[in-house]
Amino acid sequence: MSKTITAELTTERSIWRSYLTLTKPKVVALMLLTALVGMCLAVPGALPVQQSVLGMVGIGLMAGSAAAFNHLIDRRIDAIMFRTHRRPLPCGDLAPSRVALFALSIGVAGFAVLFFAVNALTAWLTFASLLGYAVVYTMYLKRATPQNIVIAGIAGAMPPLLGWTAVTGELHGHAWLLVMIIFIWTPPHFWALAIHRKEDYAKADIPMLPVTHGEEYTKTSILLYTVLLAIICLLPALVGMSGTIYWIGSTILSAGFIGYAWKLKFNPTEKTAIETFKFSIYHLMLLFLLFLGDHYWG
């Protein structure tokens, strides 16, 4: 009897882990960090409790919904690619109908939280981001053009703006500057992964830049984008949005990203592409932590 109960509990935990996997928790966690920074930079003192807490909940739920819809729409592609073939849908852990219901439920719940407990502007902007990622990018751009991640990058770059509007109820140029940083960061981040998984994307017939234009062209593009990103990352200090802590830290991080891109272009090893991809994640995370440090202690 106890073995049966243990087996049932194990199965239940496995199902819930599968649902959690659908939401891409690591990606959503990074998005919520940037949203939190947007909130903190928007107000000079303490954050308003209701708008900040419920804003994070609503943004997180809708981001998880977009990720789940991405799993649902891409399930056939995911089954082909080595990187994604063990996701819940290709493995048969969850039925597509259940995933659709789950994605819709948490999306509606997130929208309701934002609309009724935060403000309508944040709710509709977050909804637009969900559509941009789950529909425009996943259903069309991903399969249509090698510039897919460039065009659709705006959807994934929105969390700092969403955080800003959650606590202020209005748009601001500084918030758009945070969006611009993530928008420019996105292509070199994804293209480094695309080089590492080039054969995967080719097998799935996804026109990522290394597949359509070759690795050397992509490496050059990554290097140029990291230089452009370094310039964009200086703008917050130049417009008085941040100070010395951010300026010094962002310069060091930009030099590191350019260094990885330079090595990828001119002196690569088998692991350089994936190392560049991993560094880009730390780059964005630490960059936004620098915003926080400079805002409160700079």
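Buried means under 20% relative accessible area, exposed means over 50%, and partly exposed lies in between (1.4 Å probe, protein chains only). This is a predicted model, in which local features need pLDDT of at least 70, side-chain atom pairs count only at pLDDT 80 or more, and totals for chains, interfaces and linings use all residues. Residues are numbered from 1 along each chain as its sequence is written, and side-chain values use heavy atoms, with hydrogens and water left out.

**View 1. Lysine 265 and glutamate 216 form a salt bridge.** The term denotes a side-chain nitrogen of Lys or Arg within 4 Å of a carboxyl oxygen of Asp or Glu. Here the N to O distance is 3.2 Å. Lysine 265 sits in helix α15 (residues 244-266) and glutamate 216 in helix α14 (residues 215-238), 49 residues apart. Helices are DSSP runs (H or I, at least four residues), numbered from the N terminus. Glutamate 216 is partly exposed, at 44% relative accessibility.

**View 2. Aspartate 74 pairs with arginine 143 in a salt bridge.** The closest N and O atoms are 2.7 Å apart. Aspartate 74 is buried, at 1% relative accessible area. Arginine 143 is partly exposed, at 33%.

**View 3. Arginine 87 meets aspartate 78 in a salt bridge.** Their closest N and O atoms are 3.2 Å apart. Arginine 87 counts as buried, at 17% relative accessibility. Aspartate 78 is also buried, with a relative accessible area of 2%.

Notes. Helices (H or I, at least four residues) and strands (E, at least two) are DSSP runs, numbered from the N terminus.
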